[in-house]
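Please keep the sequence and the structure in view while reading.

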Amino acid sequence: MSRTETSLKTYKKSSLSEKTKEAISGYLYVSPFFILFAIFGLFPILFSFYLGFQKWNGLGEMEYVGLQNFKWVLTDKIFWTSLTNTLIMWVLGTLPQLLIGIILAYALNSALIKMKSFFRVSIFMPYVTSTVAVAIVFGIMFNSQEFGLFNVIFSWFGVEPISWGTSWWGVKVAISTMVFWRWVGYNTIIYLAGLQAIPNELYEASQIDGATIRQKIQYITIPMLRPIIILTVFTSTIGALQLFTEPLIYIGRTYREEGITVVLYLYREAFSNLSFGPASAAAIILFIIIIIISSINVFIANRIGR
């Protein structure tokens, strides 16, 4: 074998080893995410599916009970109350924020609005504010006493003080308002980014053709925003069905039926009643419900703008 062939083979081996080293280094860089996800994400999910068929108080031995946990949850009146509360809060707090978010984004993208940077930062501030702080502030605003902010405002119009913390609709309106205030800015910024990605040539061409503002929104803005709308509908639906922090802080650990949500229900079963089997079964049922409702919402949102 000539010296040239030997050098060529040595070069190929060295280059191959360099590629292998680069691949290994790349996997090492991304490995922390997958390791942490496997420990804190994948394992709890799989363990919850396993616990759904077990009777366990968190300390003793597990006992296989089959579908008894699911039967118990589905026949529990409080579970259906929590599911009803969750869906009502989703309608009151999440659906309006998507519509208002599009309107605010369109306004912020308009040339008529001055100081756009200030308004963009201001409208996004609720999202970066601590959820606990938001719940505490809104708890004071929705105080059931006469000196509560909203009760004072309603008293100007002759309305009697409302028991926001104990009435059936008062609790839901208060929690839904927190959710709306905190997330409307987040969706607005996402819609604003989508609006800024729409080519101005489309609006200029429609202007030449004599299109009205309504026609521009209907035939240009909404169709071009359809992927963004699908994204926000999907993420907002999942977040609304997993509502936990706001009702927990607002109604406390009393878990009253007026404001208990599905996640708060399974949290109560797991950490207050030490019934991890029914709690895991409720989590699995919620998982299925989220898939069904999210699929329906995405299907409806996907037809917008066609």
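At what angle do helix 4 (residues 116-128) and helix 7 pack, and how far apart are their axes? The angle is about 135 degrees and the axes are 6 Å apart; axes are lines fitted to C-alpha atoms, for helices over the stretch in contact, and angles run from 0 to 180 degrees between N-to-C directions. Helices are DSSP runs (H or I, at least four residues), numbered from the N terminus. Helix 4 is therefore oblique to helix 7, on a scale where angles under 35 degrees count as roughly parallel, over 145 as roughly antiparallel, 65 to 115 as roughly perpendicular and the rest as oblique.

The model is a predicted one, in which local features need pLDDT of at least 70 and side-chain atom pairs count only at pLDDT 80 or more, while totals for chains, interfaces and linings use all residues. Residues are numbered from 1 along each chain as its sequence is written, and side-chain values use heavy atoms, with hydrogens and water left out.

Helix 4 passes helix 7 in a left-handed crossing; a crossing is left-handed if the near helix is turned anticlockwise from the far one by less than a right angle, and right-handed if clockwise. On the side of helix 4, Arg-120, Ile-123, Phe-124, Pro-126 and Tyr-127 take part in the contact, and they meet Trp-181, Arg-182, Trp-183, Gly-185, Tyr-186, Thr-188, Ile-189, Leu-192 and Gln-196 in helix 7. Contact here means heavy atoms within 4.5 Å. Sorted by class, this contact of helix 4 with helix 7 has nine nonpolar, three polar and two charged residues. In this classification Ala, Val, Leu, Ile, Met, Phe, Trp, Tyr, Cys and Pro count as nonpolar, Asp, Glu, Lys and Arg as charged, and the others, Gly among them, as polar.

A second pair to consider is helix 3 and helix 12, which pack at an angle of about 30 degrees with their axes 13 Å apart. These two helices are therefore roughly parallel to each other, and their crossing is right-handed. Phe-79, Leu-83, Leu-87 and Trp-90 in helix 3 meet Ala-282, Ile-285, Ile-289, Ile-293 and Asn-297 in helix 12. By class, the contact of helix 3 with helix 12 has eight nonpolar residues, one polar residue and no charged residues.

Helix 8 (residues 200-208) and helix 9 (residues 213-241) form a further pair, with an angle of about 165 degrees and axes 11 Å apart. Helix 8 and helix 9 are therefore roughly antiparallel, and helix 8 passes helix 9 in a right-handed crossing. The residues of helix 8 in this contact are Leu-202, Tyr-203, Ser-206 and Gln-207, which meet Lys-216, Ile-220, Thr-221 and Met-224 in helix 9. This contact has four nonpolar, three polar and one charged residues.

The discussion now turns to the cores. In soluble globular proteins, nonpolar side chains tend to be buried together. The largest nonpolar core of this model has 44 residues, and those with the most contacts inside it are Val-73, Phe-79, Tyr-250 and Tyr-265. Such a core is a set of buried Ala, Val, Leu, Ile, Met, Phe, Trp, Tyr and Cys residues joined through side-chain atoms within 4.5 Å; buried means under 20% relative accessible area, exposed over 50%, and partly exposed in between (1.4 Å probe, protein chains only). The elements that give two or more residues to this core include helix 2 (68-74), helix 3 (77-108), helix 7 (168-196) and helix 12 (276-302). Helix 12 gives the most, with ten residues. Leaving aside its neighbours within four places in sequence, Tyr-265 is in contact with Trp-72, Val-73, Asp-76, Ile-78, Phe-79, Ser-82, Ile-260 and Ala-282. Apart from this core lies another, of 16 residues, among them Leu-98, Leu-108, Ile-222 and Ile-230.

Some single residues complete the account. Leu-225 is found in helix 9 and, at 1% relative accessibility, counts as buried. Not counting residues up to four places away in sequence, Leu-225 touches Tyr-191, Gly-194 and Leu-195. Ile-213 also has its place in helix 9, but at 57% relative accessibility Ile-213 counts as exposed. Leu-274, in the loop between helix 11 and helix 12, has a positive phi of about 55 degrees although it is not a glycine. At 45% relative accessibility, Leu-274 counts as partly exposed.
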